[in-house]
Amino acid sequence: MTQAPIAEKATPRRHDREILALALPAFGALVAEPLFLMADSAIVGHLGTPQLAGLGVAAALLTTAVSVFVFLAYATTAAVARRVGSGDLQAAIRQGMDGIWLALLLGAAVVAVVLPTAPSLISLFGASDTIAPYAVTYLRISALGIPAMLVVLAATGVIRGLQDTRTPLYVAIGGFALNGALNVALVYGAGLGIAGSAWGTVVAQCAMAGAYLWVVVRGARRHGASLRPDTAGIRACAQAGAPLLVRTLSLRAILMIATAVAARLGDADIAAHQIALSLWNLLAFALDAIAIAGQAIIGRYLGAGDTLGAQAVCRRMVRWGVGSGVVLGLLVVLARPVFIPLFTADPVVEDALLPALLVVALAQPVCGVVFVLDGVLMGAGDGPYLARAMLLTLAVFAPAALLVPVVGGGLTTLWWAMALMMLVRMATLQLRARSGRWLVAGATR
């Protein structure tokens, strides 16, 4: 009875410190991830246009293959954080090991599929005869690093669940530095060309996975947690991750539909769309950092049985999401004169891009709420609801987007459809948050 008033008075500052302590390093790690591809592109680009184009096609396939399994990080963070909240660190690390074993199994399966089908996968992307050999080479070699990439996802979830986002930041920075050095040495020093870039990435990813495993294994030994694979635990991880896989696939479908519609609008529109989408993704990193903090903190509170604390931190993070969205939206508007020339000097593309960017800016506060509540519900282990909500969002967005060229709408209309998509997501997530049905306390959901 006496806890609630005390917690209420202490909550804002205490939660702000918790959110910042987890979100800031998480943001750094998120930004470091796309730098891998940027470094590869910069180095391979000097080999020639066919090599760079081949890298682009192969990298798109790899990114899709790995991003589909991002649930390895999300589900593991929530499960481990609950165990941490309950005070059982041994079970927390054991839960994390199950996620890592699942990552290894999934990675091996993906490699077994990609290696023999690489030429067919590249041809599906419409790669020309000139760039196809480079794309196949890069894809086949880089595919060998997919198990390590998935282990990195799962182990990142373990570390985040343990309320530590600094270690992923340090590992990401080290991996980026190693990747860049190896790429230069192997592409130019050893004369391996695009194959050297692929091998450099594989080695860097394996080194990152090794660093994470060292941290997790050390923690397992300290707390007496078993490192052996547990069939029941691995199956439970897969079951918890399945709804998040549906959510991720639905989101990927939304982005693919948007790109396909933009392509039908004309060359200038698709070019402007890609620029707007790049900015959208960049802004998402900042908002996703708060969501990651939400996953870890909410899971810990619910694991400790503190539903009032979980509700309080949820409200606080929503305010952070709205505030961050407002700031990011204003930055988009103010930075347009600086931002646009970095990507295009074509006045036709600029004319298509300017109003679309205004929609992007206006949508950011909504995005802030969506990302935060997404993280909150993931931290609560509410994956089935997130899957249903995203399927509903896809059902609303798909016809709205496909009607854009039919009714003669342009790129701005398409981005209003994207804004509608975010409004639908916000409505479904707020409905769940206010219902309180996600507040399931205990070491497991």
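Is Trp415 buried or exposed, and what is its relative accessible area?

Analyst: Trp415 is buried, with a relative accessible area of 0%. Buried means under 20% relative accessible area, exposed means over 50%, and partly exposed covers the range in between, with a 1.4 Å probe and protein chains only. Trp415 therefore falls in the buried class.

Some notes on the basis of these values come first. The model is predicted, so local features need pLDDT of at least 70 and side-chain atom pairs count only at pLDDT 80 or more, whereas totals for chains, interfaces and linings use all residues. Residues are numbered from 1 along each chain as its sequence is written, and side-chain values use heavy atoms, with hydrogens and water left out.

Rings of Phe, Tyr and Trp (the six-membered ring in the case of Trp) pair if their centres lie within 6.5 Å; planes under 30 degrees apart count as stacked, over 60 as edge-to-face and the rest as tilted. By this rule the count comes to two aromatic pairs. One of them joins Trp280 and Trp415 as a tilted pair, with 5.2 Å from centre to centre and 55° between the planes. The pair links distant parts of the chain, since Trp280 belongs to helix H10 (residues 267-303) and Trp415 to helix H14 (residues 411-435), 135 residues apart. Trp280 is likewise buried, at a relative accessible area of 10%. Helices here (H or I, at least four residues) and strands (E, at least two) are DSSP runs, numbered from the N terminus.

Helix H13 (residues 383-406) holds Thr393, which is buried at 1% relative accessible area. Contact means heavy atoms within 4.5 Å. With neighbours within four places in sequence left aside, Thr393 is in contact with Ile254, Met421, Val424 and Arg425.

Helix H3 (residues 71-86) contains Gly85. Not counting residues up to four places away in sequence, Gly85 touches Arg300, Gly303 and Ala304. Within the chain, Gly85 and Leu72 are 13 residues apart in sequence and 20 Å apart in space, C-alpha to C-alpha. The expected span of a helix is 1.5 Å times one less than its number of residues. H3 has 16 residues and reaches 23 Å from its first C-alpha to its last, close to the expected 22 Å. Because 14 of its 16 residues are buried, H3 is largely enclosed by the rest of the structure. Just after H3, Gly87 takes a positive phi of about 90°.

Helix H8 (residues 194-223) has 30 residues and should span 44 Å; the C-alpha atoms at its ends are 44 Å apart, which agrees. Gly224 follows H8, and its phi is positive, near 75°.

Asn179 is found in helix H7 (residues 166-189) and counts as buried at 0% relative accessibility. A polar contact of 3.2 Å joins the side chains of Asn179 and Thr201. Such a contact is a pair of N or O atoms within 3.5 Å; within protein, one must be able to donate a hydrogen and the other to accept it, and residues adjacent in sequence count only if both atoms are side-chain atoms. Pro147, in helix H6 (residues 146-161), is buried at 18% relative accessible area. Its contacts, neighbours within four places in sequence aside, are Gly107, Ala108 and Val111. Leu245, in helix H9 (residues 231-265), counts as partly exposed at 24% relative accessibility.

For the whole chain, the protein has 14 helices and zero strands. Buried residues make up 51% of its 445 residues. A compact globule of 445 residues would have a radius of gyration near 22 Å, and the protein has 22 Å, which agrees. That radius is taken over C-alpha atoms, and the globule rule is 2.2 Å times the number of residues to the power 0.38. Along its principal axes the C-alpha trace spans about 70 × 50 × 35 Å. Among contacts between residues at least 6 apart in sequence, 84% join residues at least 24 apart.
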